[in-house]
Amino acid sequence: MSEALRVALAGLGTVGAGVIKLLDENRELIERRAGRPIEVVAVSARDRSRDRGVDLAPFAWEDDPDALAARDDVDVVAELIGGSDGPALNLARNTLNAGKSFVTANKAMIAHHGLELAETAEKAKVALKYEAAVAGGIPVIKGLREGAAANAITSVYGILNGTCNYILTEMEAKGSDFAEVLAEAQALGYAEADPTFDIDGIDAAHKLAILASLAFGTVLDFDAVATDGIRAVIAEDIAEARALGFKVRLVGTAEASGGKLFQRVHCCLVPRSHPLAHVAGSLNAIVAQGNFVGRLFFEGAGAGEGPTASAVVADLIDVARGEYGPAFAMPFARLTETGPVDAGERRGRAYLRFAVHDRPGVLAEITAAMRDANVSIESMIQRGGAEPTEDSDDIVNLIMVTHDGPERCVADALERLRGSQSLAGDPMLMHILDL
């Protein structure tokens with residue numbers, strides 16, 4: 001029998017405990033697939049006394065996670081601490097510099113420091129694996145890095161945050177507004193007490209930046225991701241989308257063109273005929289378009305003990321087999337620098353909601369701004385339902401859908417209306433998915 005792959009686990013939360021359970025329950029199957037046993041030999045976490053539902057007695061305990069990287073009886077460290085910097089990043093650097101492979105579920109760290117870590121791993125001839133960092137148990141990293149390796153990928157996009165998708169689909173099912181459903185999601189454990197990273201699109205942007213680098217062979221650039229969230233979505237947006245034949249989803253989109261890269265996380269109207277429209281609850285889904293393979297669709301649980309632990313152990317199996325390969329699908333030196341695409345030159349249709357004071361001249365002002373910005377209006381609906389403010393008359397919602405055109409024209413129209421006394425709040429803009 002080949003020697004066991006000796007694993008150190010840093011972080012024993014839900015996922016860390018799940019990794020121990022999975023390695024124990026599927027031990028024989030994993031050994032057959034890996035070609036040798038995979039054994040946890042050491043662990044580290046903040047609270048040694050906490051009951052995690054697993055027996056930690058067989059493992060050496062280190063109070064300092066960095067000590068895991070220095071242990072002679074460890075071949076690979078699996079990091080499940082989280083955070084883009086601090087202890088997680090220190091552990092990653094120390095592990096790779098010690099000539100040991102590193103497995104992580106930490107999308108923030110990979111999004112911010114993945115290039116540095118990939119270069120270090122390549123020089124040390126060890127593995128940097130992060131399947132669990134994007135979309136939990138969905139094997140999309142393997143799918144892009146290995147299964148679609150022969151293809152030129154033209155676009156990658158999808159639903160990358162389960163919390164946002166859960167909130168939007170609950171709003172859809174119940175007709176409730178955002179704040180009400182967010183509170184329910186927090187009570188059920190689908191949303192954090194501080195949900196900022198999820199609902200403001202930051203978590204999805206981390207994942208999108210990673211996917212874009214993998215898909216297009218470009219230098220990872222999280223700062224270039226235009227990011228928006230779901231806070232501004234109201235029940236009426238969901239209802240109007242349904243009436244128009246769409247569903248509202250938070251979609252991350254990346255496209256490469258002419259040596260430049262477009263990356264955006266934004267609420268979109270998704271046609272009911274598109275597979276993403278049928279991704280409900282806390283599921284994630286990613287679509288990649290290859291020039292020979294065509295459309296690839298990945299769907300599944302994007303978080304949770306079982307799915308995320310499954311992805312971590314899949315990476316450990318790769319390490320046990322000696323399947324390393326470059327972290328971003330090609331050698332570090334082959335990754336290309338790109339500039340951002342001018343989003344204004346992208347074409348498409350848009351959904352616009354204006355909360356306006358119900359008085360003469362308001363509609364004329366808005367349509368004049370659209371005309372002067374060369375925005376063609378496909379349809380327009382005026383409904384009541386917005387909350388009045390203390391100093392206003394009745395407020396109504398004006399819904400517009402534009403014809404296909406450059407995005408810069410819509411941006412110009414909204415800029416012309418900035419500060420208008422006719423508006424009772426900021427307009428809501430959602431692009432219409434046409435991919």
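1. Starting with the cysteines: Cys-268 counts as buried because its relative accessibility is 8%, where buried means under 20% relative accessible area, exposed over 50%, and partly exposed in between (1.4 Å probe, protein chains only). Cys-267 is buried as well, at 2% relative accessibility.

2. A word on what you're looking at. This is a predicted model, so local features need pLDDT of at least 70 and side-chain atom pairs count only at pLDDT 80 or more, while totals for chains, interfaces and linings use all residues. Residues are numbered from 1 along each chain as its sequence is written, and side-chain values use heavy atoms, with hydrogens and water left out.

3. How many disulfides does a search of the whole structure find? The search comes back with 0, a disulfide being a pair of cysteine sulfur atoms within 2.5 Å. Cys-267 is in none, and the nearest cysteine sulfur to its own, that of Cys-268, sits 7.5 Å away.

4. Next, His-206. You'll find it in helix α10, residues 202–216; helices (H or I, at least four residues) and strands (E, at least two) are DSSP runs, numbered from the N terminus. His-206 counts as buried because its relative accessibility is 2%.

5. What does His-206 touch, not counting residues up to four places away in sequence? Its contacts (heavy atoms within 4.5 Å) are Lys-107, Ala-108, Ala-111, His-112, Phe-197 and Phe-222. Asp-221 is 15 residues from His-206 along the chain, and their C-alpha atoms are 9.5 Å apart.

6. On the overall fold, the protein chain has 14 helices and 19 strands. Its radius of gyration is 24 Å, close to the 22 Å from the globule rule for 435 residues, so the chain is as compact as a globular protein of that length. For the record, that radius is taken over C-alpha atoms, and the rule is 2.2 Å times the number of residues to the power 0.38. Along the principal axes, the C-alpha atoms fill a box of roughly 80 × 45 × 35 Å.

7. Take the contacts between residues at least 6 apart in sequence, and 73% of them join residues at least 24 apart.

8. Finally, the surface. The accessible area of the protein chain is about 18,700 Å², with 47% belonging to carbon and sulfur atoms (Shrake-Rupley method, 1.4 Å probe; for residues, only the protein chains shown count as cover).
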